[in-house]
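This report describes one protein chain for a reader who is new to structures. Please keep the sequence and the 3D view open while reading.

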Amino acid sequence: MPRAELTLTVPEGVWIGDISRDHPEARFRILAALTDDDAGVGLAEVIAADLPPVVTAIDADDTVTELEVLQADDGKALVQFETTTPFLLLPVQGSGVPLEMPFTLENGKAEWEITAPQHRLSALAEQLDTFGIPYTVEQVSQRVEPERLLTDSQLRLLLAAVDHGYYDTPRDCSLTELADELGMAKSTASETLHRAEEAVVKRFVEDVDEDVLIEH
């Protein structure tokens, strides 16, 4: 399944983006968030050398209707907030893409990691464009789940091959040495490893399109 890493630029006028730009040394880690049509609630960690002005700015914003500082010490505060403009959550809600938490936001830019089918990623791209949120695709990769892809013996052998340097350049371990280490016949190790490699490679490329998965 495709996994995308995005950098979003929070538009002017969105409270968390504006505050982070006013305090570029501050770092926001959004630990949890939910929204409906009227409001959004979030749990965030705010990190800054000079913390009080950042917290004061959040509390003073007209679109933040509630702020509770749950814990604060040594330049770090855990806060729960409610806002009438959960702007960053709206594209996620509209596309049906699960947003991985936590995500970070600094100086007006948010870093997202998304794992979803290609059609969901395309829907997210459309939603970001609709809401006028500029973004950059930093990386798109294919996420493979080995426990569903390989048999126990294939997975065990593949992990051992990596651990013993069989795939290093130059190799630190030959197939004969790998088989001896695991108490297997060389022919069995060769066939098992080949089947594991075949499964991994085919799974990796089966959903890859020649076009970019998310286009901006």
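Strand S1 and strand S7 (residues 109-115) pair in the antiparallel sense over seven bridges. Two strands pair if DSSP finds at least two bridges between them. Helices (H or I, at least four residues) and strands (E, at least two) are DSSP runs, numbered from the N terminus. The model is predicted, so that local features need pLDDT of at least 70 and side-chain atom pairs count only at pLDDT 80 or more, while totals for chains, interfaces and linings use all residues. Residues are numbered from 1 along each chain as its sequence is written, and side-chain values use heavy atoms, with hydrogens and water left out.

**Strands**

Within the pairing of S1 and S7, Thr7 has Glu111 of S7 as its bridge partner. Strand S1 covers residues 2-9, and six of its eight residues are buried. Here buried means under 20% relative accessible area, exposed means over 50%, and partly exposed lies in between (1.4 Å probe, protein chains only).

Strand S2 (residues 27-35) has two antiparallel pairings. Eight bridges join S2 to strand S3 (residues 40-47), and one of the bridge partners is Leu43 in S3 for Ala32. Three bridges join S2 to strand S6 (residues 103-106), where Arg29 has Thr104 as its partner. In a regular strand the side chains alternate between the two faces of the sheet.

**Salt bridges**

A salt bridge is a side-chain nitrogen of Lys or Arg within 4 Å of a carboxyl oxygen of Asp or Glu. By this rule there are nine salt bridges. The table gives some of them.

| Salt bridge | Closest N and O atoms |
|---|---|
| Arg3 and Glu100 | 3.0 Å |
| Glu45 and Lys76 | 4.0 Å |
| Glu198 and Lys202 | 2.8 Å |

The salt bridge of Arg3 with Glu100 links distant parts of the chain: Arg3 is in strand S1, Glu100 is in the loop between H3 and S6, and they are 97 residues apart. Arg3 is buried, because its relative accessible area is 19%, whereas Glu100 is partly exposed at 25%.

Glu45 also forms a salt bridge, with Lys76 as its partner. Glu45 lies in strand S3 and Lys76 in strand S5, so this pair ties together parts that are 31 residues apart in sequence. Glu45 counts as buried at 15% relative accessibility, and Lys76 counts as partly exposed at 40%.

How far apart along helix H8 are Glu198 and Lys202? These two residues are four residues apart, which means that about one helical turn separates them. Glu198 is partly exposed at 34% relative accessibility, and Lys202 is exposed with a relative accessible area of 52%. Elsewhere, salt bridges that share partners join Arg3, Glu100 and Glu113 into one network.

**Aromatic rings**

A pair of aromatic rings is described by the distance of the centres and the angle of the planes. Rings of Phe, Tyr and Trp (its six-membered ring) pair if their centres lie within 6.5 Å; planes under 30 degrees apart count as stacked, over 60 as edge-to-face and the rest as tilted. The count comes to four aromatic pairs. One of them joins Trp15 and Phe81, whose ring centres are 5.1 Å apart with planes at 70 degrees, so the pair is edge-to-face. Trp15 is in helix H1 (residues 15-22) and Phe81 in strand S5 (residues 76-83), 66 residues apart. Trp15 is buried, with a relative accessible area of 5%, and Phe81 is buried at 10%.

Phe87 and Phe131 form an edge-to-face pair, with 5.8 Å from centre to centre and 90 degrees between the planes. Phe87 lies in the loop between S5 and helix H3 (89-95) and Phe131 in the loop between helix H4 (118-130) and strand S8 (135-142), so the pair ties together parts that are 44 residues apart in sequence. Phe131 counts as partly exposed at 28% relative accessibility.

The loop between S5 and H3 also holds Leu88. Leu88 is buried, with a relative accessible area of 8%. Between Leu88 and Ile16 there are 72 residues of sequence separation and 9.6 Å in space, C-alpha to C-alpha.
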